[in-house]
Amino acid sequence: AFVGQGERHRAYAVLFTTTWRDAIVGGKNPGPGKPLAYLNVGESRSRGAEAGGSWLGPGRRADLSGSYVESSDRTNSREYGAFPRVLLNAGAGLDAPRRNLEFYLNNRVHLGAREGPGGGFVPSPEKLKDYWRADLSATWRRPGGATDVYVNVLNLLDRENFLPAI
């Protein structure tokens, strides 16, 4: 991992690998009762990289981050297609101090996701269209008070995005 910070900026980068043992997976029930059961016998792994940074200026802010992840269900020898392979975030903010207002526009992109994880019911989930969502928020801060009033407009461009069914 790398982390750097200056007076007006910060940046980070991380490489990672993880292993989950005793993951809960559906399978044949070894005991009496229902034929299917959830068992703690799975193993999953992931690896990837994440990086990002932000910059603060007089009345302005910019953020950028991204990640690349490969995740797999080692028990069933298949990828976790329900998680995006690539995530990108970009945001920009602007202050209007005379009006006690702050605006922030955030963009989020998902690339390489499927409808859900592969399994017995859906052995090969379809690839989802790339996901892009822009959100706008406005915050008013009461002068001298502890009150913030904010409005968030999600999916500002009214895109028809789909998220996986996990």
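A polar contact is a pair of N or O atoms within 3.5 Å; within protein, one of the two must be able to donate a hydrogen and the other to accept it. The legends below describe a predicted model.

**Figure 1. The polar contact between N107 and W132 in the predicted model.** The side chains of N107 and W132 make a polar contact at 3.0 Å. N107 belongs to strand β7, which covers residues 101-111. The relative accessible area of N107 is 19%, and N107 therefore counts as buried, the cut-off being under 20%.

**Figure 2. The surroundings of N107.** Which residues are in contact with N107, once its neighbours within four places in sequence are left aside? They are L88, N89 and A90, together with W132, R133 and A134. Among these, W132 also takes part in the side-chain polar contact with N107.

**Figure 3. The hairpin of strands β1 and β2.** Strand β1 consists of residues 2-5 and strand β2 of residues 9-28. The two strands are paired in the antiparallel sense, over four bridges. Three residues lie between β1 and β2 in this hairpin. Within the pairing, G4 stands opposite A11 of β2.

**Figure 4. Strands β5 and β6, viewed for model confidence.** Where in the protein is confidence lowest, and where is it highest? The lowest mean pLDDT, 76, falls in strand β5, at residues 78-79. The highest, 97, falls in strand β6, at residues 86-96. For the protein as a whole, the mean pLDDT is 88, and 95% of the residues reach 70 or more.

**Figure 5. The whole chain, as context for the close-up views.** The protein has nine strands and zero helices, so its elements, read from the N terminus, run β-β-β-β-β-β-β-β-β. The C-alpha trace spans about 70 × 35 × 30 Å along its principal axes. The radius of gyration is 21 Å, whereas a compact globule of 166 residues would have one near 15 Å. Of the 166 residues, 23% count as buried; N107 is one of the buried residues. Among contacts with a separation of 6 or more, 48% are between residues 24 or more positions apart. The accessible surface comes to about 11,900 Å², and carbon and sulfur atoms account for 57% of that surface.

Notes. Residues are numbered from 1 along each chain as its sequence is written. This is a predicted model: local features need pLDDT of at least 70, side-chain atom pairs count only at pLDDT 80 or more; totals for chains, interfaces and linings use all residues. Side-chain values use heavy atoms; hydrogens and water are left out. pLDDT is the predictor's confidence in each residue, from 0 to 100. Two strands pair if DSSP finds at least two bridges between them. The radius of gyration is taken over C-alpha atoms; the globule rule is 2.2 Å times the number of residues to the power 0.38. Buried means under 20% relative accessible area, exposed over 50%, partly exposed in between (1.4 Å probe, protein chains only). Contact means heavy atoms within 4.5 Å. Accessible areas come from the Shrake-Rupley method with a 1.4 Å probe; for residues, only the protein chains shown count as cover.
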